[in-house]
Amino acid sequence: MTQKKILIVDDSALMRRVLCDIIESDERFRVVARATNGLEALDLLGRNQYDAVVLDVNMPKMNGIQLLEKLRDNKIRARIMVASTDTREGAKLTLDALELGALDFIHKPDSAVDCRVDTFRKQFLEILEVVVNSRLPELESREKQQESRQVTARMVDIARKYSAKAPGTKVVAIASSTGGPKALQEVITRLPAELDAPVLLVQHMPKGFTASLAERLNELSAIRVKEAQEGEELLKGCVYVAMGGMHMNVRRVGGKYTIHYTDEPTREGVKPCANYMYESLADSHYDKIVCVVMTGMGADGTEGIRNLEAKRPVHVISQSQATCTVYGMPKAVVAAGLSDQVVPLDQIAQEIILNVGVKA
């Protein structure tokens with residue numbers, strides 16, 4: 001077995017030692033280089049190839065965000081896992097890192113001693129395995145992004161003309177995981193404010209990070225985006241992001257659909273779990289439910305959609321393999337024969353628009 005080559009970038013000698021011990025406790029991985037700041041890492045990444053990089057965010061001389069910007073500017077592609085702090089500022093910096101091409105992240109405990117705890121070690125190695133097996137991040141040009149947005153704008157115009165032919169109540173339910181925060185920027189930011197349906201979104205993230213994700217997407221989007229709150233009513237033209245650390249469900253109360261959180265254990269190893277969201281829609285009276293399954297490891301979404309489809313009219317859109325950071329969740333849906341459409345990332349928004357229409 002060929003061991004995967006890992007680069008550690010952290011300004012703490014103790015943290016480098018601890019992370020090295022964790023990585024090399026697994027025979028699949030080997031630490032081949034260490035850097036104490038972004039400048040050293042940039043030099044190493046310019047001269048060598050690694051299967052993954054474990055990157056600290058807060059460092060002297062050049063921090064993790066600045067390094068990611070330099071890698072983007074110099075067109076250096078790397079599979080990067082960010083070590084993040086569990087604070088509001090840490091959540092913002094983590095989203096910056098994911099936007100700049102980092103593939104996933106892990107909470108780094110304040111103390112290096114806490115890193116030796118088995119739960120951290122297990123989670124760290126699971127994420128590292130996903131990262132080393134992920135597709136390298138694309139270096140998309142601004143011209144291509146602009147062209148794609150123009151296509152979506154045309155789809156909104158088409159949807160306006162034909163939305164009257166798609167009567168009834170509709171809802172969109174999206175599931176995403178590894179690679180999701182960046183991919184969601186390609187989808188949510190292209191949805192119009194007048195979308196004729198509410199949008200439910202389960203992105204696998206810890207508590208605290210989902211609020212920052214919702215704020216970031218809201219700033220960039222025409223459609224309203226917010227972290228879903230217990231008991232609030234679902235309204236058209238709004239995206240409801242599931243709160244980290246809880247399972248988001250939809251409940252019908254007095255003829256209105258509202259958010260309801262439950263605190264069951266993890267399912268599919270995650271919390272929130274999209275399966276709960278999909279299954280909670282089985283007792284709804286929506287005339288059309290559009291399920292969207294995007295990039296992510298595992299199979300979250302498949303069981304929920306299968307159970308939902310047995311009771312309600314469902315249209316399932318899966319992200320194509322070529323555009324997924326990790327082709328796990330969409331692959332499982334396709335393999336189960338549940339997918340109605342398989343489309344690339346830059347076409348998901350327009351397919352949502354054409355399926356649910358826009359408000360007159």
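The model you are looking at is a predicted one. From this helix, the briefing moves on to a hairpin, the nonpolar cores, the salt bridges and the cysteines.

- The buried residues of α5 are Phe 120, Phe 124, Leu 125, Ile 127, Leu 128, Val 130, Val 131 and Val 132.
- In an α-helix there are 3.6 residues a turn, so residues three or four places apart point the same way.
- The cover over the buried residues of α5 includes the strands β1 (4-9), β2 (29-35), β3 (52-56), β4 (80-84) and β5 (104-107), along with helix α1 (13-24).

**The β10-β11 hairpin**
- Strand β10 (residues 247-253) runs antiparallel to β11, and 7 bridges join the two.
- Val 253 stands opposite Lys 256 of β11.
- Between the two strands of this hairpin are 2 residues, and Gly 254 in the turn has a positive phi of about 55°.
- Strand β11 (residues 256-262) is mostly covered, with 6 of its 7 residues buried.

- In soluble globular proteins, nonpolar side chains tend to be buried together.
- Here the largest nonpolar core holds 62 residues, and those with the most contacts inside it are Ile 80, Val 172, Ile 174, Ile 188, Val 292, Met 294 and Ile 352.
- Helix α12 (residues 345-356) gives the most to this core, contributing 6 residues.
- Beyond its neighbours within four places in sequence, Val 172 touches Ala 197, Pro 198, Val 199, Leu 200, Val 290, Val 292, Ile 352 and Val 356.
- Another core, of 32 residues, lies apart from the largest one, and among its members are Leu 234, Tyr 240, Val 250 and Ile 259.

**Salt bridges**
- The count of salt bridges comes to 20.
- One of them brings together the side chains of Asp 96 and Arg 216, at 2.7 Å from N to O.
- This pair links distant parts of the chain, since Asp 96 is in helix α4 (residues 88-99) and Arg 216 is in helix α8 (residues 209-220), 120 residues apart.
- Asp 96 is buried at a relative accessible area of 16%, and Arg 216 is buried at 13%.
- Arg 216 also forms a salt bridge with Glu 99, whose closest N and O atoms are 2.7 Å apart.
- Because Arg 216 lies in helix α8 and Glu 99 in helix α4, this pair ties together parts that are 117 residues apart in sequence.
- Glu 99 is partly exposed, with a relative accessible area of 32%.
- Arg 267 and Glu 279 form a salt bridge as well, with their closest N and O atoms 2.7 Å apart.
- Arg 267 lies in the loop between β11 and α9 (274-280) while Glu 279 is in helix α9, so the pair ties together parts 12 residues apart in sequence.
- Arg 267 is buried at 16% relative accessible area, whereas Glu 279 is partly exposed at 22%.
- Through shared partners, salt bridges join Lys 92, Asp 96, Glu 99 and Arg 216 into one network.

**Cysteines**
- The disulfide count for this model is 0.
- Cys 238 is in no disulfide, and the nearest cysteine sulfur, that of Cys 291, is 19 Å away.
- Cys 238 counts as buried at 3% relative accessibility, and Cys 20 is buried with a relative accessible area of 0%.

How values were computed: Residues numbered from 1 in each chain as written. Predicted model: local features only at pLDDT ≥ 70, side-chain atom pairs only at ≥ 80, totals over all residues. Heavy atoms only, no water. Buried < 20%, exposed > 50% of the residue type's maximum accessible area, 1.4 Å probe, protein only. Helix = DSSP H or I, 4+ residues; strand = E, 2+ residues; numbered from the N terminus. Pairing = 2+ DSSP bridges. Contact = heavy atoms within 4.5 Å. Disulfide = S-S within 2.5 Å. Core = buried A, V, L, I, M, F, W, Y, C linked by side-chain atoms within 4.5 Å. Salt bridge = Lys/Arg side-chain N within 4 Å of Asp/Glu carboxyl O.
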